[in-house]
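Here is a walk through the aromatic side chains of one protein model. Keep the structure open as you read.

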Amino acid sequence: MAKISIDINSGTIQKDNAVIGIDLGTTNSLIATINPKTKKPFCLPIHGKNSMPSALYFDAQKIEVGSMALEKLVSDPKNTLYSIKRLMGRSFHDLGHELNKLNYKIVDNHDQLVQVRIDDQFYSPIELSSYILKELKKVGQKELQKDIQKVVITVPAYFNDSQRQATRDAGKLAGLDVLRIINEPTAASLAYGIGINTDQPKTVAIYDLGGGTFDISILKIQQGIFEVLSTNGDTALGGDDIDQAIKNYWISFYDLKLLSRSKNQLLRLTAEEAKIQLSKDKSFHKKIAIQNQHITLELDRDRMNTILSPIIEKSIAICKNALSDANLSTDEIEEVILVGGSTRTLAVKQAVQKLFSSANVNDDINPDEVVALGAAIEADILAGNRTDMLLLDVTPLSLGIETIGGLMDVLIPRNSKIPIQLKKEYTTSIDGQVNLAVNVYQGEREMIKDNRKIGEFILKGIPAMPAGIPKIEMSFMLNADGILQVSAKELRSGVKQEITLKPQYGISDEQIKTMLQDSIKFAQSDMDERSLAETITEANQLIYATHKFMRDNPQLLLEKHIQTMSGLIRKLEDSIHKKDRLTINNRIEELNEFTKPFAEQVMDHQISKALRGKNIT
Ligand code: AMP
């Protein structure tokens, strides 16, 4: 029997909350729920369709959302917004060449997150996305006759912290309680549920080519546990690029010049129409009015396949990288799941089947709906309705902090399963140090200068102690949404500061790819640089400790001892200057040999720590 709750204050009957999953897509957005009887997920109709274009239209009085907005793309393009997802959590600089794909006005906010300008109004992408989410909420509530509050929203696997946070904020702004942000490929695998309720492990690749983004994930599914072995992708690759490529082909083939904004849009929409038609027919032709004349745009399937082959090849190369990250060969993949509207293109299916030649390519579930359906299942799991499934996810880049000498010290390694919490102890490098700067980085290189800084803070109020004595525990917690929280605590004094790290702005796929490739390319020179930096740090610490020793213990030292020590320090400083690791090492040993007998006489706990401790600047 269904439960009915009554609000005691108002005496009104409260409608029960629905279990909701939302696929907030670049091109289209969907909302799905679970049928309480069959326990199966299904997509709710939106304005009579299964999905809603992620488009907004601003007219003088109101904001239209969905297909009504999309219709204005041709007649009033500068007030019609689409592909807002590309802007989420990103700065003008991050967007780079992607800006060319957007016909509306994007404001350069000097390294801040971008805004969109409509007439004299400015809007953040978070606000714009919230209009889409509000509309989904409104339509869903009407359809279900239930309150919609708690939702799961999906994002591409390669969304960084800032983009995930922006998506969560958009949900909040729309009056939703975002239970969790999950990766789209993970949601898709949930919808298929391959391997559930069987002991046979399965290795699965999810190939997701949507309107604006491409993701590939390699999952291992065993006894209801979905383990993500690797993920890879490109947030600037999808059906939009195919449309653009067809449009460009027509522009050059028919020698079309100086097209107005609306004619450009008309060409783009006709290109999309051609692409969709060529998924079933062999040829396409359509008469359109352009440059005061009527021309018939033509395209056949073979020509289209040639035009889109570089786009498909790009995705296949990314698949190979994901396989190598997962340490798998193509023939170890048993199932492939196709996700995203663009996988309906025959050439895409064929290329995927060719790459994974021994796998079963699954396209049974509507590739547009599969992510939303999986999100609804995840919402159902979080509502405690399903105990037969568990979810594990991974982080695509390593996370760590800067330690002395400009080194990257990794706390959470790349491809770690999330949620995850890791702790590590550090200490200070200077006597009486009361503040500690913590710089947080993302990336695979040995030196922080080659990685990406994602945040910084200062731990203040450490009681003055000799170098090496404070015990500072750093804790990194990456939650299930992929959002990082960093906290620092000085254990001896109990000084505790919990700091929530505000993630910095977006990172492009190109940058992620380059970072991963560079870490392989520069592996040897990075190791050499790291060893040199470590040796120099050791030498500097020894020099610091020896000076301190000479200052604190004059009664133990004769003039000749002081002279020898000073001479050895100068030689060591000289070798540091020359950056010759072997010589520095030899001179560290020389100085150590000489000071050891003296140090042993008085070496207290503090000095021994100072000589050994691992320090943060
Ligand atoms: P999604 O982001 O998953 O909604 O995918 C939308 C993309 O799929 C758009 O670029 C559409 O043009 C494309 N698409 C939809 N249907 C087809 C089709 N039948 N053949 C090729 N592409 C399609």
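Phe 594 is partly exposed, at 23% relative accessible area. In this predicted model, the ring of Phe 594 pairs with that of Phe 598. The centres are 5.8 Å apart.

Why do Phe 594 and Phe 598 lie about one helical turn apart? Both belong to helix H14, residues 581–602, and they are four residues apart there. Phe 598 has 10% relative accessibility. That is under the 20% cut-off, so Phe 598 counts as buried.

Now go to Phe 253 and Tyr 254. Their rings form an aromatic pair, 5.1 Å centre to centre. The angle between the planes is 85 degrees. That is over 60, so the pair is edge-to-face. Is Phe 253 buried or exposed? Its relative accessibility is 53%, over the 50% cut-off, so Phe 253 counts as exposed. Tyr 254 has 23% and counts as partly exposed.

Ring pairs also build a cluster. Its members are Phe 58, Tyr 123 and Tyr 131. How many aromatic pairs does the model hold? The count is eight.

One more contact involves a ring and a charge. The charged end of Arg 268 sits over the ring of Tyr 82. The distance to the ring centre is 4.8 Å.

Conventions:
Residues are numbered from 1 along each chain as its sequence is written. This is a predicted model: local features need pLDDT of at least 70, side-chain atom pairs count only at pLDDT 80 or more; totals for chains, interfaces and linings use all residues. Side-chain values use heavy atoms; hydrogens and water are left out. Rings of Phe, Tyr and Trp (its six-membered ring) pair if their centres lie within 6.5 Å; planes under 30 degrees apart count as stacked, over 60 as edge-to-face and the rest as tilted. Buried means under 20% relative accessible area, exposed over 50%, partly exposed in between (1.4 Å probe, protein chains only). Helices (H or I, at least four residues) and strands (E, at least two) are DSSP runs, numbered from the N terminus. A charge sits over a ring if NZ of Lys or CZ of Arg is within 6 Å of the ring centre and within 35 degrees of the ring normal.
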